[in-house]
Amino acid sequence: MMPATNPSIDSARVRALVVEAVTQSAELIAAPATAEQWDQPSALEGMTVGALCAHLVRAAGATIAYLDRTPPDRRPDGDLLTAVTYFHAAVDSPVHDQIKDVSAAESAIGHEATVDKCRQLVADLETRLADEPTDRLVAALGGRLLTLDDFCRTRLIEVLLHLDDLAVSTGQTRPTTDPLGPAIVIEICIDIARNRNGDWNVLYALTRAERSSDTAVFPVF
């Protein structure tokens, strides 16, 4: 199947999209409506608004955490993960089952501290992503490697979708972001569906509902 990474989108642009998404997240988290509903249920089952915010910040912050724990000269012994295969590995990871508990615990620092944490993360990402070379690798999910730029693509999925979740949860307008971000997310999601179900089942789901299989192709998450 075709790779999830679009080589026409350069490294700096992908990284800038992540910084923009986290910047907009910080502003939405900082909004009074978010503070007022911090302990209320969010649009995600089993998560409060505060837990959703904490999860968003943690998901974005994983970029720095993985960079810190991966030596710059690390090279793979086998195939790299891609943005597509990363999510297959993530769903099977034990960490996936702990997300709600971890998010609830991390939201206990409160609204203002979470806002400060997210704003500091924006500054850290701006500096760190600009300094890293285009061939930089990060170790994720049990030490499996992928390129920093592919990991940034996975962060776009996490941050943009949870940015929308937060807006819906609190009755706010979703912040405007570069349309290339959602386009990259769509591309990855389509490739996940292709990988799971085959190209023809994806085509049927998109264009021929009467020929679709009983197995749902979409959503992929």
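How many disulfides does the structure hold? The count is 0, and since this is a predicted model, the close-ups below simply show what the prediction gives.

**View 1. Helix α1 alongside helix α6.** Here we're looking at α1, residues 11-30, and α6, residues 111-131. Their axes come within 9 Å and cross at roughly 165°, so α1 runs roughly antiparallel to α6. As for handedness, the α1 and α6 crossing is left-handed.

**View 2. Who touches whom between α1 and α6.** From α1, the contact takes in Arg15, Val19, Val22, Thr23, Ser25, Ala26, Glu27, Ile29 and Ala30. Facing them from α6 are His111, Thr114, Val115, Cys118, Arg119, Leu121, Val122, Leu125, Glu126 and Leu129. Sort the residues of this α1 and α6 contact by type and you get 11 nonpolar, 4 polar and 4 charged.

**View 3. Cys118, a cysteine in the α1 and α6 contact.** Zoom in on Cys118 and its closest cysteine sulfur turns out to belong to Cys53, 8.6 Å away. A disulfide needs the two sulfur atoms within 2.5 Å, so the Cys118 sulfur is too far from that of Cys53 for a bond. Cys118 has 0% relative accessibility, so it counts as buried.

**View 4. Cys189 and its closest cysteine sulfur, in Cys152.** The sulfur atoms of Cys189 and Cys152 lie 17 Å apart, so they're too far from each other for a bond. Cys189 has 17% relative accessibility. Buried means under 20%, so Cys189 counts as buried too.

Note on methods:
Residues are numbered from 1 along each chain as its sequence is written. This is a predicted model: local features need pLDDT of at least 70, side-chain atom pairs count only at pLDDT 80 or more; totals for chains, interfaces and linings use all residues. Side-chain values use heavy atoms; hydrogens and water are left out. Axes are lines fitted to C-alpha atoms, for helices over the stretch in contact, and angles run from 0 to 180 degrees between N-to-C directions. Helices (H or I, at least four residues) and strands (E, at least two) are DSSP runs, numbered from the N terminus. Angles under 35 degrees count as roughly parallel, over 145 as roughly antiparallel, 65 to 115 as roughly perpendicular and the rest as oblique. A crossing is left-handed if the near helix is turned anticlockwise from the far one by less than a right angle, and right-handed if clockwise. Contact means heavy atoms within 4.5 Å. Ala, Val, Leu, Ile, Met, Phe, Trp, Tyr, Cys and Pro count as nonpolar, Asp, Glu, Lys and Arg as charged, and the others, Gly among them, as polar. Buried means under 20% relative accessible area, exposed over 50%, partly exposed in between (1.4 Å probe, protein chains only).
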